[in-house]
Every structure is written in C-alpha cells, then in structure tokens.
There are 2 protein chains.
Amino acid sequence: MTKDPQPTAGVVVIGDEVLSGKVEEKNAVFMIRRFRVLGIRLARVVIVPDAMEDIGEVVRHASETYDLVCTTGGVGPTHDDITIEAIARAFEVPVVSHPKLEALVREYFGEEATAAQLRLALVPEGTVLDGEDSPPWPTAHFRNIHIFPGIPRLMASKFDAIAHTFGGAPMYAGSLEIAAAEWEICDALDGVVQSHPHVSIGSYPRREQGSWRVRVTVDATGREDAEAAFSALERALSSHLTSTDPVAVVS
Amino acid sequence: MTKDPQPTAGVVVIGDEVLSGKVEEKNAVFMIRRFRVLGIRLARVVIVPDAMEDIGEVVRHASETYDLVCTTGGVGPTHDDITIEAIARAFEVPVVSHPKLEALVREYFGEEATAAQLRLALVPEGTVLDGEDSPPWPTAHFRNIHIFPGIPRLMASKFDAIAHTFGGAPMYAGSLEIAAAEWEICDALDGVVQSHPHVSIGSYPRREQGSWRVRVTVDATGREDAEAAFSALERALSSHLTSTDPVAVVS
C-alpha cells in the first residue's frame, strides 16, 4: 500500500438486485474510475442487501475508518428503500424531514405530493445538503457519508456535482509490460519494492497465446518517487521488458 | 429478504488493482451470475486492498456469518500476494506447505522449482483440496473458505469445477414491467409485500424518454409462493402493466 497524503474512501452499494444478479452493478465501477482520477484512495467496496443491520454495520464501520464514504441505493419511496433509516439507527439519531429538501420535493411533485413522495425528504438528523444545483435536488451529507441514489445516471451526475468537495491528491502512475511469468521476476521485483517504500508497485499476470505476460505498475503521489521506482524496474527487468508506459499524472 | 432454505455466500475480492481502477473487476461479476443460477443467496461482496489486516478481518467475518466464502486474488508468488498468510493469521493457524499441492507444483514446474514457485503450495494449516481435476491444480478449501486465484479465466474454471459441492436450492423468479413512477405504485406494492412473506419482491425504477418505468421482480425458492405473489402483483398493478415475464426456474 502507498503511504501517502491521499484521502481514503469507502463505497457501500446497497441492493438485493445487485447481489442477486438482477441488475448489473454500475455505481461502484463508476466511482472506482472517478476516485482514481480525483487522487482519492478507495480502500473498500462493500455490496450489501436491503437489510437494516447489514447497511448500518457496514456504513458505520466505513464512516469510522475512511475519510469519506459514498453509499448508493435504497433511497427511493418503496418498502425496500431503507438506507436512511438504517444509517440513522446505526448512529442513533432520529429520521427527520429536511425542511429544504421537503420544499424541493414539494416543488418537484406539486402541492399534491403523497406520503411516499415526501419520504424522499427524510434524512438522518444532522444531515446537510451538498450540490445545490444538481437535479432534481441536492445530495444528503451526514457526517462523512454522502448518500446517493442507486439509479446509475442520477448517481453519476450527483457525484460529479460534489466531487470537488472531496479533496484528493494527484497520482502519478506508469507501467511496464514483461514477457515472463510472475515467478521469474519475483526476486527482481521484491528488491525494487523494498527500496521504494513510498511507491505502490503491482504485478498482474495473464496468459496470452500460451505464454505468460506480466504488467508491472507503479503508483505514487510524488512524481519523483514514481519515476525513481519506474527506472529501477526498467533496469531490474530489462531482459524481459517488451514495452513501457512512462510515469504521468493520472487523468 | 427471502426467508428460505438457500445457503448464503460471501465473496471477498482481494487486490489494490481493482480498487485503484487499474484492472476491471470480473470475478465478483462472474460469481454473482453463478450463485443466482446455483440457488445460493449471495449476501455480501467486499473488495479489499492487498493489506493483511483488511483481508483477515473481512474473510473471518464472512466465514463466521455465511455458509460459504469465496476469495479471489492475492495467491501468486509476488510481494503483494498475501491472502494465504492473512487468512492463516486471522484464524491463528500456521502457514504450511500442502504435501499434495507441493507435489503438483513440482510436477508443473519441474524439479528446478524455485522458492517463489513453491510459495504456490502454501496454505493455512487444515486446508483440504477440492476439484482434483481442475488445472493446473486443485483449489484450497480452508474451513468454509474457497481460495481462488485472481486471474479471471483461471478463477472461473476452478469455480465451475467445484460449484457442485456448494449446495443450493433452485430459485423461481418472474418480473412485471410497469409504466408508472415508483411512488405511484408504493401502496399497491406494500400490500403484496405484506401478504407474501416468503417472497422477495424488488422494484427497480428507471427513466425512459422522459417517463418513469419500474421493473417489479419476484423471487422465491417455492414455485407456488412465487406464482401467488406474481398473480397478486398482476392484479394490484393492472392499470400500469405493460408486459410480464412469468415465473420460471432461474437458469
């Protein structure tokens, strides 16, 4: 793992439909890409069912462990949408109607808003709103938890509306393609890993037309750290090297 | 949640490369589909980095909570492959070389097998081997944990070689397409949910050309339970119904 100044994030995906394979998971996939570019170290992704205790336990653990948490799903008006109540219970606060959110929900649905629609204004007490301009209304932000809807397009637009508030440190990354099996390069790799403690070095084997290939990657928040490790790997693995993707800022 | 006789499963995906977005996650996606057809209720998916404590904590929790656990990744010969050691530490057993696995590893690499290659025969003490015929060697099975490699093609073939040992109860599922917003069908839906406690009923909204649509799904291990809930939903939602996918065994 990199020891670096990047903030850490946890993602909690809520929904029976994802675990049961009825709906393809897209929100974690989206956030993984975004966090990389934002320079935030995603430290855990958990997919849980629509179950009160699971949601509460996992969100609370993530909130206490990582700098920021994003949840997706379980915030609609139906019986299986229990994210708000689960988070409120986990932190022992009541569920309340947020006055501004309620006003926006009433504006959106008109004065004949039903009880089911008004559930969309419920939040754990202490929630603030982020992303005033993101349609159809801002995103609930309780402690360090950002509570997103599960519909991928809506989730993505809301995430992008507030992602600038998350902080983040740019990341520098490069990679080397190696024509060898992983076990042939272990010793060389270990030497570079030991001597570059601030760089995250990964090795990812695959088989191509009957031969082993390995992609070796470097990641660091310091450009010089990343470049030094990259050069050391070029030297240590020179006899198997087929191509390189030099260090550059991740974007 | 369905209260039913399906075994429960937890999946732990291990690897910085997935969380950092360098490699697309494919193993959980694969297992989600397989568990659905096998009739096993996948209850949690967790993606963790290559970090000793994270792996140990999450795998141990899953092992104690679900009937079976599948891990993928972190079992190669390099510095970031620490799954075996993490699991052994979490259960306070030593890491040992499995005699049969070691023989197979030596057979595969030849008598000049290196120390790095022989790491592939290391397991937590108490491990048995499943899937004698799955190449290149069987899969480590420690307590209720199946330890798979992270390379997707290899993972998939090893999973399929032993999946028949997992148990599972066939699942019956159907769905209804509704031309309405979720809040318009809440009350009707809630009524059916209350009166069919053994059926899992889901509702999944989406927006299509400016209009809301909802897919309502039923899932149960009993065909009659699923069919009764499906019929009740057809009646309760008849004014918005656009099409149906009748109850059938999931395959």
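In chain B, helix 4 is followed by Glu92(B), whose phi is positive, near 55°; helices (H or I, at least four residues) and strands (E, at least two) are taken here as DSSP runs, numbered from the N terminus. The structure is a predicted model, in which local features need pLDDT of at least 70 and side-chain atom pairs count only at pLDDT 80 or more, while totals for chains, interfaces and linings use all residues. Residues are numbered from 1 along each chain as its sequence is written, chains are lettered from A and ligands numbered from 1 in the order in which they are written, and side-chain values use heavy atoms, with hydrogens and water left out.

Helix 4 of chain B, which covers residues 83-90, is mostly covered, with 6 of its 8 residues buried, where buried means under 20% relative accessible area, exposed over 50% and partly exposed in between (1.4 Å probe, protein chains only). The buried residues of this helix are Thr83(B), Ile84(B), Ala86(B), Ile87(B), Ala88(B) and Ala90(B).

Strand 1 of chain B (residues 8-14) is likewise mostly covered, since 7 of its 7 residues are buried. Thr8(B), Gly10(B), Val12(B) and Ile14(B) point one way from this strand, whereas Ala9(B), Val11(B) and Val13(B) point the other way, and all are buried. Strand 1 of chain B pairs with strand 2 of chain B in the parallel sense over 7 bridges, two strands being paired if DSSP finds at least two bridges between them. Within this pairing, Thr8(B) stands opposite Arg41(B). Strand 1 of chain B also pairs in the parallel sense with strand 3 (residues 68-72) of chain B, over 5 bridges, and there the bridge partner of Val11(B) is Cys70(B).

Strand pairing also links the two chains. Strand 2 (residues 41-48) of chain A is joined by 3 bridges to strand 2 (residues 41-48) of chain B, and the two run antiparallel; in this arrangement Ile47(A) stands opposite Val45(B). Taken as a whole, the interface brings 55 residues of chain A into contact (heavy atoms within 4.5 Å) with 55 residues of chain B. The area buried between chain A and chain B is about 4600 Å², of which carbon and sulfur atoms give 56%; buried area is the accessible area (1.4 Å probe) that two parts lose on being put together, summed over both. In chain A, Lys22(A), His79(A) and Trp183(A) lose the most area to chain B, together 16% of what that side buries.

Across the interface of chain A and chain B the rule finds 6 salt bridges, a salt bridge being a side-chain nitrogen of Lys or Arg within 4 Å of a carboxyl oxygen of Asp or Glu. Arg44(A) forms a salt bridge with Glu57(B), and their closest N and O atoms are 3.4 Å apart.

Chain A contains 9 helices and 12 strands, and along its principal axes its C-alpha trace spans about 75 × 35 × 30 Å. Of the 251 residues of chain A, 57% count as buried, and among contacts in chain A between residues at least 6 apart in sequence, 69% join residues at least 24 apart. Arg33(A) lies in helix 2 (residues 27-38) of chain A and counts as exposed because its relative accessibility is 53%. Although Arg33(A) and Ser251(A) are 218 residues apart in sequence, they are 9.9 Å apart in space, C-alpha to C-alpha.
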